[in-house]
Amino acid sequence: MRAAEQAAFDTGVDDYGLMETAGAAAAEIIWRAGHKRDALILCGPGNNGGDGFVIARLLRDRGVAVRIAALGDSRTVSSQRARSAWDGPVEDVMTAAPAGQLVDALFGTGLTRGLDEAVAARLCHLSEAATTSHAIDLPSGVDSDSGALLSAVPHFDVCIALGAYKPAHLLQPAAAYMGRLALADIGIAMPTEVHHLGAPALCAPGANAHKYTRGLVAVVAGEMVGATCLSAEAAARSGAGYVRLIADVAVPVLSHAIVRSASLDLDRAKAVLVGPGLGRDDAAWDRLVAVAKAGGPFVADADALRLFAEKGFGDLTRPAIMTPHEGEFSRLFGDLRGSKIDRALAAARSSGSVVVYKGADSVIAAPDGRAAVASGASPWLSTAGTGDVLAGLAAGRLAVTGDPFRAACEAVWLHGDAARRAGPAFVADDLLATLPAAIAARL
Ligand SMILES: NC(=O)C1=CN([C@@H]2O[C@H](COP(=O)(O)OP(=O)(O)OC[C@H]3O[C@@H](n4cnc5c(N)ncnc54)[C@H](O)[C@@H]3O)[C@@H](O)[C@H]2O)[C@@H](O)CC1
Ligand SMILES: Nc1ncnc2c1ncn2[C@@H]1O[C@H](COP(=O)(O)OP(=O)(O)O)[C@@H](O)[C@H]1O
Ligand SMILES: [K+]
């Protein structure tokens, strides 16, 4: 963000001009949400507070009854200028009475430590007493780069991100404190390889498509057939043309379209899935090694990740995609430093695989430094078997696209959308029914 701001300054934009633009964009969003409801704007000592003074002036110009409460003096040149353009009274944050709308412009990206306990408690009180609450750039108390909470933070109805989403807008725990995210355009371009995962554009099969051109997925079964079954069924609804289930035991799949093979037949396979229900014994490891040695692109999930964590990758071909949850991730990669995005990127770089680091804030990272963060996933996904569905989808999209990063992004998006469509209290099997609608919406 600082580099992007500097690039704008280099083209002649000045510091205060950027603050006026940011304040105007934020004031517009607040105006649309609250109109003439009275507002209390909390202004901190830095440029976040400066934004607050600009917002206050512009809302007052529109007829809103605005009061300002500041936390000490304004310490930056721009925030002092914004403050001097405000000719109304300035109250003290610790004693100001609540208002219908609360606007938190105490601290943004410059926060270096948690708020003093009394200030944080006051922020929480004023926010709870308001009908609607807006955080400017970030809720004060949130660490911008990691999404950690450095002090107590209230839940905000809206968080207005200035110029670009920062990691904290998308990563947990911070993201859960922002009911709705609004992105305010402040006219600067962000040079970043990290994106908020957006809806993919998918293609319907062409007129000359046949089952093999659409992609054959081989799904390797093991000792827990239920998990494999969920994966195979998801792969069959991913847009791929053919799913072969490799199982030497009876697997109760629902779809007759899924073709069984007792041996590890990878003929024509564009992607292989190994891990869900695989087991962790020697026979499971032998199967995993056989898949890796076959040399084609494969997705490793669940038990395959446990086995790799125990036995190492050696000189085996690395998976095209790995889909670890928190526990599997730390077993595989140890205690890495930095935000969840940093850790996912480090894991992707060291393994050479696309890593889908799952959770309420799934991060998809590629060895070349690209990353995408999926926010807003349904918490109802925290139910057994949804990871098996995701792994099947990832393998299916890999067979369709041949591009691991794209496939992983598409799979996470479709999985999240299928969950939204399934509503509350679904079981993993229910996602199989909503997947085709999720795909249809992206054609
Ligand atoms: N040119 C710019 O830099 C722009 C910045 N903008 C705004 O400016 C914000 C960043 O401004 P700043 O870098 O001034 O930082 P902040 O306004 O976030 O606050 C930093 C100030 O607070 C102090 N501080 C940090 N943690 C504290 C704590 N827990 N208790 C007490 N004091 C603490 C710091 O020493 C510093 O003086 C952005 O989030 C955004 O809202 C926008 O106005 C757009 C333009
Ligand atoms: N609280 C949550 N909010 C949103 N998504 C979640 C949450 N918990 C888990 N998920 C998602 O649900 C899936 C669970 O996968 P996983 O942990 O492998 O479960 P399982 O092994 O039972 O299939 C992942 O896609 C994960 O991102
Ligand atoms: K803020």
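Me: In strand 13, which residue is the bridge partner of V274?
Reply: The bridge partner of V274 in strand 13 is A300. Please note that this is a predicted model.

Me: How do strand 12 and strand 13 pair, parallel or antiparallel, and over how many bridges?
Reply: Strand 12 and strand 13, the latter covering residues 298-300, are paired in the parallel sense, with three bridges.

Me: Over how many bridges do strand 9 and strand 12 pair?
Reply: Strand 9, residues 216-220, pairs with strand 12 over five bridges, in the parallel sense. One residue pair can be named here: L216 has A269 of strand 12 as its bridge partner.

Me: And how many residues of strand 12 are buried?
Reply: Six of the six residues in strand 12, which spans 269-274, are buried, and the strand is described as mostly covered.

Me: Moving on to the ligand. How many residues surround ligand 1, and which are the closest?
Reply: Ligand 1 is surrounded by 27 residues, and the closest are G46, N47, N48, G108 and G110. The elements giving two or more residues to this shell are helix 2 (15-34) and helix 3 (47-61).

Me: Which element gives the most to that shell around ligand 1?
Reply: Helix 3 gives the most, contributing five residues to the shell around ligand 1.

Me: How do the shell residues divide into nonpolar, polar and charged?
Reply: The shell around ligand 1 holds twelve polar, nine nonpolar and six charged residues.

Me: A change of topic: which residues of helix 9 are buried?
Reply: In helix 9, residues 302-311, the buried residues are A302, D303, A304, L305, L307 and F308. Just after helix 9 comes G312, with a positive phi of about 80 degrees.

Me: Finally, A407. Where does it lie?
Reply: A407 is part of helix 13, which runs over residues 404-422.

Me: Why does A407 count as buried?
Reply: A407 is buried because 29 other C-beta atoms lie within 10 Å, and the cut-off for a buried residue is 20 or more.

Me: Which residues does A407 touch, leaving out those up to four places away in sequence?
Reply: With those set aside, A407 touches I321, A394, R397, L398 and T401.

Me: What separates the C-alpha atoms of A407 and L393?
Reply: The C-alpha atoms of A407 and L393 are 8.6 Å apart, and the two residues are 14 residues apart along the chain.

Conventions: Residues are numbered from 1 along each chain as its sequence is written. Chains are lettered from A and ligands numbered from 1 in the order in which they are written. This is a predicted model: local features need pLDDT of at least 70, side-chain atom pairs count only at pLDDT 80 or more; totals for chains, interfaces and linings use all residues. A residue is near a molecule or strand if its C-beta atom, placed from the backbone, lies within 6 Å of it. Helices (H or I, at least four residues) and strands (E, at least two) are DSSP runs, numbered from the N terminus. Ala, Val, Leu, Ile, Met, Phe, Trp, Tyr, Cys and Pro count as nonpolar, Asp, Glu, Lys and Arg as charged, and the others, Gly among them, as polar. A residue is buried if 20 or more other C-beta atoms lie within 10 Å of its own, exposed if 12 or fewer, and partly exposed in between; C-beta atoms are placed from the backbone. Two strands pair if DSSP finds at least two bridges between them. Two residues are in contact if their C-beta atoms, placed from the backbone, lie within 7 Å.
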